[in-house]
Amino acid sequence: MCTGETINGLPVSEDQIEEWAAEAEAGYDGGALKKRGRGRPGRGAGPTQVVALRLTSEELAAIDVRAAHEGKTRSEVIREALATFAA
């Protein structure tokens, strides 16, 4: 039987709720739970740094067109350009 509640658009049954409750009552291994840090996830093993950069609207538009064409983010396109330049 459905409770009328949904998760990500899928209905949640009373049986599922009972399973979750039993799992919670049995306890969780705290070490096995995913630990969440603050902020965005890191890009590598070491710390990263935010760098401000001023671009014209034309430069930004060109980056956005390239990013959309390649299915990448604006930041990915800029990092790749910098890596190519520095190589």
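Nonpolar surface patches are made of residues with over 30% relative accessible area and no salt bridge, their side chains (Val, Leu, Ile, Met, Phe, Trp, Tyr) being joined within 5 Å; in charged patches, like charges are joined within 9 Å. Accessible areas come from the Shrake-Rupley method with a 1.4 Å probe, and for residues only the protein chains shown count as cover. A salt bridge, the feature that excludes a residue from a patch, requires a side-chain nitrogen of Lys or Arg within 4 Å of a carboxyl oxygen of Asp or Glu.

The structure is a predicted model, in which local features need pLDDT of at least 70 and side-chain atom pairs count only at pLDDT 80 or more, whereas totals for chains, interfaces and linings use all residues. Residues are numbered from 1 along each chain as its sequence is written, and side-chain values use heavy atoms, with hydrogens and water left out.

**Overall architecture**

The protein contains 3 helices and 2 strands, arranged along the sequence in the pattern β-β-α-α-α. These elements are DSSP runs numbered from the N terminus, with helices (H or I) of at least four residues and strands (E) of at least two. Of the 87 residues, 5% count as buried; buried means under 20% relative accessible area, exposed means over 50%, and partly exposed lies in between (1.4 Å probe, protein chains only).

Asparagine 8 lies in the loop between β1 (2–7) and β2 (10–13). Although asparagine 8 is not a glycine, its phi is positive, at about 55°. This residue is exposed, with a relative accessible area of 77%.

Helix α1 covers residues 14–26 and includes tryptophan 20. The expected span of a helix is 1.5 Å times one less than its number of residues. For the 13 residues of α1 this gives 18 Å, in agreement with the 18 Å between its end C-alpha atoms. Glycine 27 follows α1 and has a positive phi near 95°.

Tryptophan 20 is in α1 and, together with Ile7 and Ile17, makes a nonpolar patch of about 270 Å². With 38% relative accessibility, tryptophan 20 counts as partly exposed. A negative patch is formed by Glu14, Asp15, Glu18, Glu19 and Glu23. Glutamate 14, a residue of α1, is partly exposed at 38% relative accessibility. Glutamate 14 and glycine 4 are 10 residues apart in sequence, and their C-alpha atoms are 9.7 Å apart in space.

Side chains of opposite charge can pair when their charged atoms come close.

| Residue | Partner | N to O distance |
|---|---|---|
| Glutamate 70 | Arginine 66 | 2.6 Å |
| Glutamate 70 | Lysine 72 | 3.2 Å |
| Glutamate 80 | Lysine 72 | 2.9 Å |

Glutamate 70 and arginine 66 are 4 residues apart in helix α2 (residues 57–70), so about one helical turn separates them. Glutamate 70 is partly exposed, with a relative accessible area of 31%. Lysine 72 is likewise partly exposed, at 30%, and glutamate 80 is partly exposed, at 37%. Through shared partners, the salt bridges join Arg66, Glu70, Lys72 and Glu80 into one network.

The 14 residues of α2 should span 20 Å, which agrees with the 20 Å between its end C-alpha atoms. After α2 comes glycine 71, whose phi is positive, near 70°.

Note on methods:
Lys, Arg positive; Asp, Glu negative; His and termini not counted. Charge placed at Lys NZ, Arg CZ, Asp CG, Glu CD.
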